[in-house]
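Visitor: I have not looked at this structure before. Could you take me through it step by step?

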Amino acid sequence: MSTVGGQAGNLPDVEGRVQQVVGENLRRVRVDLGYSQESFGQHVGWHRTFVGAVERGERNLTLRTVERISEQLGVHPLELLWDRDGVT
């Protein structure tokens with residue numbers, strides 16, 4: 001497969017986009033459920049600063065962690081992985 005400017009064919013540059021999507025979705029679900037970053041961190045066993053870093057897309061979660069967090073929040077894992085803005 002050929003690459004142009006670090007991109008394969010005509011695919012958009014999406015490096016790190018999944019981290020951002022998970023973070024944005026996690027923040028939305030957390031707020032919808034009424035959790036502060038601190039109370040959410042206590043609920044799932046994370047420090048408040050780690051919650052913030054995940055929400056900003058600065059931390060990369062494993063798929064297993066996404067599954068575990070979604071179970072604790074009572075949402076389907078795709079709710080955290082789905083890019084609501086779509087891929088352009």
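**A walk through the helices**

Guide: This is a predicted model.

Visitor: Where is L73 placed, and is L73 buried or exposed?

Guide: The place of L73 is in helix α4. Buried means under 20% relative accessible area. L73 has 8% relative accessibility, so L73 counts as buried.

Visitor: How many Å separate the C-alpha atoms of L73 and L26?

Guide: Along the chain, L73 and L26 are 47 residues apart. The separation of their C-alpha atoms is 9.6 Å.

Visitor: What percentage of contacts in the protein chain with a separation of 6 or more is accounted for by residues 24 or more positions apart?

Guide: The protein chain has 88 residues, of which 28% count as buried. Among the contacts with a separation of 6 or more, the share of residues 24 or more positions apart is 56%.

Visitor: How many Å apart are the end C-alpha atoms of helix α1?

Guide: Helix α1 covers residues 17-32, which is 16 residues. The expected span is 1.5 Å times one less than the number of residues. For α1 that should come to 22 Å, and the end C-alpha atoms agree, since they are apart by 22 Å.

Visitor: Which helices do the buried residues of α1 pack against?

Guide: The buried residues of α1 are V21, V22, G23, N25, L26, V29 and R30. They pack against α2, α3, α4 (63-73) and α5 (77-81).

Visitor: Is R30 buried or exposed, and which residues does R30 touch?

Guide: R30 has its place in helix α1. With 8% relative accessibility, R30 counts as buried. Not counting residues up to four places away in sequence, R30 touches Y35, S36, Q37, F40, V51 and E55.

Visitor: Which residue just after α1 takes a positive phi?

Guide: The phi in question is about 85 degrees. The residue that takes this positive phi, just after α1, is G34.

Visitor: How are α2 and α3 placed relative to each other?

Guide: The axes of helix α2 (residues 37-44) and helix α3 (residues 48-55) come within 8 Å and cross at roughly 105 degrees. Angles of 65 to 115 degrees count as roughly perpendicular. Therefore α2 and α3 are roughly perpendicular to each other.

Visitor: Which residues make that contact of α2 with α3, and how do they divide by class?

Guide: From α2 come Q37, E38, F40 and G41, and from α3 come R48, V51, G52 and E55. By class, the contact of α2 with α3 has two nonpolar, three polar and three charged residues.

Visitor: What about α2 and α4: which residues make their contact?

Guide: The axes of α2 and α4 come within 11 Å and cross at roughly 105 degrees. That makes α2 roughly perpendicular to α4. The residues of the contact divide into four nonpolar, two polar and one charged. On α2 they are F40, H43 and V44, and on α4 they are R68, I69, Q72 and L73.

Visitor: What kind of aromatic pair do Y35 and F40 form?

Guide: Rings pair if their centres lie within 6.5 Å, and planes over 60 degrees apart count as edge-to-face. Y35 and F40 are 5.9 Å centre to centre, with 70 degrees between the planes. Y35 is partly exposed, with a relative accessible area of 24%, while F40 counts as buried at 0%. The pair of Y35 and F40 is edge-to-face.

Visitor: Which residues form the aromatic cluster?

Guide: The rings of F40 and W46 have centres 6.1 Å apart and planes at 85 degrees, so this pair is edge-to-face. Both F40 and W46 are buried. The one aromatic cluster is formed by Y35, F40, W46 and F50.

Visitor: Last, which residues is L81 in contact with?

Guide: L81 is found in helix α5 and is partly exposed, with a relative accessible area of 29%. The C-alpha atoms of L81 and G23 are separated by 9.1 Å, although these residues are 58 residues apart along the chain. Leaving aside neighbours within four places in sequence, the contacts of L81 are V18, V21, V22, N25, L63 and V66.

How values were computed: Residues numbered from 1 in each chain as written. Predicted model: local features only at pLDDT ≥ 70, side-chain atom pairs only at ≥ 80, totals over all residues. Heavy atoms only, no water. Axes fitted to C-alpha atoms, helices over the stretch in contact; angles between N-to-C directions. Helix = DSSP H or I, 4+ residues; strand = E, 2+ residues; numbered from the N terminus. Parallel < 35°, antiparallel > 145°, perpendicular 65-115°, else oblique. Contact = heavy atoms within 4.5 Å. Nonpolar A, V, L, I, M, F, W, Y, C, P; charged D, E, K, R; others polar. Buried < 20%, exposed > 50% of the residue type's maximum accessible area, 1.4 Å probe, protein only. Phe/Tyr/Trp six-rings, centres within 6.5 Å; stacked < 30°, edge-to-face > 60°.
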